[in-house]
Each structure stands twice: as C-alpha cells, then as structure tokens.
Amino acid sequence: MRVQPSPPYTDLEGMNETDVLRAVFETSYRRLVGQLYGVCGDLNEAEEVVAEAFARAVQHHRTFVHLDNPEAWLRTVAVNVSRTRARRRRMAAVLSQDAPRHPALDDNRLLLVATLRKLPAAQREAIALHYLADLPIHEVAAATGVPVGTVKARLSRGRAALAILLADQPDSSEGARHG
C-alpha cells in the first residue's frame, strides 16, 4: 500500500492561524503518526512525538502558518523529538537496566519492529521514512538533516542488515505446521 505524498497546502491562504493549524492537524496527524511509528517503533511514542510537533507549531504559529509544506516541518520536528527521547530512554535504561516495552501487535509487526530496532538509529529512520512513510529520498534527507547521498547509503546498508536479520528469524508458519 502506497502512502499519499504530503498534500499541497495552497487552500490555507486567507485562513486565520487557528484554522490553519486545525486544517493541517486534520489532514496530517494520522499520516504523521503512521510515519513516526516506523521511526520509533512504538505507537504511543509516535502519537506523543507528533503531538509534541503540533504543540511546537502552536508555539511558533506566526512562522508555521506561512510554511509551504507544514507537514514536512512537523515531520522534521517529530523525528528530532523522537531522537531526543530515544537518547534519554537509552540513558535511563543504562541507569535502571529496564527492558524496552513492545506494543500489543500481531507477530509479523512485532518481528518487523524488533528487527528495525536492531538497526542503527540513522538506518532505521531512513528505512522507516522512505519505505513505511513512502517519502522520496530528498524528503528523507530534509527530514533527517543529512545529504541525499547519506540517505542512499543508509538505505543500502539498512536493507542489507535487515535482509540478514530477517533471514535469521525462524519461519513462524513452519513452526505452526510442525507444532
């Protein structure tokens, strides 16, 4: 299933700031949550970082309402918030030795998320934004703040790593037939 690209925001002209924020929220919230779920691997976390991005849009409303692509701005903010929160969680886990939580999802989704978590953060972000959010490479580069060539390298390395990691997983349908 292909995700639709970010919608054009030409119809926001003439709206007051509150209506612009509401329109962007109604158009983009669910799509952004889906995209950020792939980045951070936790649905609740995705909802929280997208909500934080919208909160920052409200804080910077005078600038936000004049952006050509407010969804891209929100995505970049959400990715950055996700990175910051992940760093803080890693530090807390080191200090407290807590294991990460997994959302209650089907086995295939859990396997994908668990496998993505094994990748370096930069590769995981590139793969999630390009393949799960269906962003073109130049938009992934803009969202993550790196050159296009770096995104291509991360995608290549991430795909290779995923192939190896997924090949090492036992086939759950095989076990069901013989179990």
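Analyst: Of the chain's 179 residues, 35% count as buried. Buried here means under 20% relative accessible area; exposed means over 50%, and partly exposed lies in between (1.4 Å probe, protein chains only). The model is predicted, so local features need pLDDT of at least 70 and side-chain atom pairs count only at pLDDT 80 or more, while totals for chains, interfaces and linings use all residues. Residues are numbered from 1 along each chain as its sequence is written, and side-chain values use heavy atoms, with hydrogens and water left out.

The secondary structure comes to nine helices and zero strands. From the N terminus on, the order is α-α-α-α-α-α-α-α-α. Helices (H or I, at least four residues) and strands (E, at least two) are DSSP runs, numbered from the N terminus. Contact means heavy atoms within 4.5 Å. Among contacts in the chain with a separation of 6 or more, 63% join residues 24 or more positions apart.

Now the core. A nonpolar core is a set of buried Ala, Val, Leu, Ile, Met, Phe, Trp, Tyr and Cys residues joined through side-chain atoms within 4.5 Å. The largest such core has 40 residues, and Val24, Leu36, Val50, Leu74 and Leu129 touch the most other members. Which elements give two or more residues to this core? They are helix 1 (17–40), helix 2 (43–59), helix 4 (70–96), helix 5 (107–117), helix 6 (121–132), helix 7 (137–144) and helix 8 (148–167). Helix 1 supplies the largest share, 10 residues. In soluble globular proteins, nonpolar side chains tend to be buried together.

Arg75 sits in helix 4. Arg75 is buried, at 1% relative accessible area. Between Arg75 and Leu129 there are 9.6 Å, C-alpha to C-alpha, and 54 residues along the chain. Asn69 is in the loop between helix 3 (61–64) and helix 4. At 27% relative accessibility, Asn69 is partly exposed. The C-alpha atoms of Asn69 and Val24 are 9.8 Å apart in space, and the two residues are 45 apart in sequence.

Next, the rings. Rings of Phe, Tyr and Trp (its six-membered ring) pair if their centres lie within 6.5 Å; planes under 30 degrees apart count as stacked, over 60 as edge-to-face and the rest as tilted. That rule gives four aromatic pairs. One of them joins Phe25 and Phe54, edge-to-face, at 5.0 Å centre to centre with 70° between the planes. Phe25 belongs to helix 1 and Phe54 to helix 2, so this pair ties together parts 29 residues apart in sequence. Phe25 is partly exposed, at 38% relative accessible area. Phe54, at 7%, is buried. Ring pairs also bring in Tyr29, which forms a cluster with Phe25 and Phe54.

Then the contact between helix 6 and helix 8. Their axes are 8 Å apart and they pack at about 95°. Helix 6 is therefore roughly perpendicular to helix 8. Axes are lines fitted to C-alpha atoms, for helices over the stretch in contact, and angles run from 0 to 180 degrees between N-to-C directions. Angles under 35 degrees count as roughly parallel, over 145 as roughly antiparallel, 65 to 115 as roughly perpendicular and the rest as oblique. On the helix 6 side are Ala122, Gln123, Ala126, Ile127, His130 and Tyr131; helix 8 brings Arg154, Leu155, Arg157, Gly158, Arg159, Ala161 and Leu162. By class, this contact has seven nonpolar, three polar and three charged residues. Ala, Val, Leu, Ile, Met, Phe, Trp, Tyr, Cys and Pro count as nonpolar, Asp, Glu, Lys and Arg as charged, and the others, Gly among them, as polar.

Zoom in on Gln123, in helix 6. Gln123 is buried, at 12% relative accessibility. Leaving out residues up to four places away in sequence, Gln123 touches Arg154, Arg157, Gly158 and Ala161.

Last, Thr115 in helix 5. Thr115 is buried, at 1% relative accessibility. Beyond its neighbours within four places in sequence, Thr115 is in contact with Leu162, Leu165 and Leu166.
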